[in-house]
Amino acid sequence: MDVGFIITILVIGFIGSLFSGMLGIGGAIINYPILLYIPPLMGFQGLTAHEVSGIVAVQVFFSTLGGVWAYRGKGYINKPLIVIMGTSILIGSLIGGYYSRFISENSISIIYGLLALLAGIILLIPKQQSELNEFEGFNKRLATTLAFVVGLASGVVGAGGSFILIPIMLVILKVPMRITIATSLAITFISSIGGMVGKITTGQVLFFPALLMVIVSLIAAPLGVKISKNMNSKVLQWLLAILILVTTIKVWTDILL
């Protein structure tokens, strides 16, 4: 395999995993579009949407694992949220990951674009950010339903679903930002199990590029967590919003044009 291609994959994986630790995302919202578009722009053979979603599914699993490990014992991970939303999103992602092989590549890109667009819309909704000591609980039935739907869609595109899960937790379930970041990493880790298993068992994973992504994920995600702890929560929220906006514009530009 070309050395330039290997370096490109490593850089892409590092960037995605760094943001994964910083913002509590799996990294798919970054890695899916740049894995799809950057290699061909640099003269390398392009990857198909199925191959990209397979690689991303494996990368998300390990980047969120590294992020959760870095957050252990800090008091930000909410166990009831993990149990309720994690179980629901896992079931949904298993179903979505398995049936993704029957969905066309263009449809996978459209589903990804719809998720990113929805996440951006939710983040624009005015909200009162609650503090850590003000968080009393959440609507369990609503959390279960939303997590299952996110799992279905994220299983199809190989994402952990965190880029849509975080806006849902912040705006709809009214979870504080710090708890949202740490807990969403744990929920996305659970979700990524279903997506990864579905992609591997249906032969949609290129293992060498996926291995490269895994190596940098375990380094970059904990580093992102350290950076996040020293940043204002509003800055983190704006970074996430900008990231989602840029990705949404790029994906829908390619779909429509």
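Residues are numbered from 1 along each chain as its sequence is written, and side-chain values use heavy atoms, with hydrogens and water left out. Because the model is predicted, local features need pLDDT of at least 70 and side-chain atom pairs count only at pLDDT 80 or more, while totals for chains, interfaces and linings use all residues.

**Exercise 1. Find which members of the largest nonpolar core touch the most other members, and list what Tyr32 touches.**

Start with the term: a nonpolar core is a set of buried Ala, Val, Leu, Ile, Met, Phe, Trp, Tyr and Cys residues joined through side-chain atoms within 4.5 Å, where buried means under 20% relative accessible area, exposed over 50%, and partly exposed in between (1.4 Å probe, protein chains only). The largest such core has 68 residues, and those that touch the most other members are Ile25, Ile29, Tyr32, Leu35, Met85 and Met169. Next take Tyr32, using contact in the sense of heavy atoms within 4.5 Å; not counting residues up to four places away in sequence, Tyr32 touches Ala49, Val52, Ser53, Val56, Ile108, Ser109, Tyr112 and Val157. A second, separate core has six residues, among them Val58, Phe61, Met196 and Val205.

**Exercise 2. Describe how helix α2 packs against helix α3.**

Helices (H or I, at least four residues) and strands (E, at least two) are DSSP runs, numbered from the N terminus. Axes are lines fitted to C-alpha atoms, for helices over the stretch in contact, and angles run from 0 to 180 degrees between N-to-C directions. With this in hand, α2 (residues 28-41) and α3 (residues 49-71) pack at an angle of about 145 degrees, and their axes are 9 Å apart. The crossing is right-handed, a term for the near helix being turned clockwise from the far one by less than a right angle, whereas left-handed means anticlockwise. On the α2 side, the contact is made by Ala28, Asn31, Tyr32, Leu35 and Leu36, and these meet Ala49, Val52, Ser53, Ile55, Val56, Gln59 and Val60 of α3.

**Exercise 3. Work out whether α5 is oblique or roughly parallel to α6.**

The axes of α5 (residues 105-124) and α6 (residues 140-157) come within 9 Å and cross at roughly 135 degrees. That angle makes α5 oblique to α6, since angles under 35 degrees count as roughly parallel, over 145 as roughly antiparallel, 65 to 115 as roughly perpendicular and the rest as oblique. The crossing of these two helices is left-handed. The residues in contact are Ile108, Ile111, Tyr112 and Leu115 of α5, together with Ala153, Ser154, Val156 and Val157 of α6.

**Exercise 4. Decide how enclosed helix α7 is, and whether Lys174 is buried or exposed.**

In α7 (residues 162-172), 10 of the 11 residues are buried, so this helix is largely enclosed by the rest of the structure. At 52% relative accessibility, Lys174 counts as exposed, and its phi is near 60 degrees, a positive value in a residue other than glycine.

**Exercise 5. State where Thr247 lies and what Thr247 touches.**

Thr247 belongs to helix α10 (residues 233-256) and is buried, with a relative accessible area of 7%. Not counting residues up to four places away in sequence, Thr247 touches Ile29, Pro33 and Tyr112.
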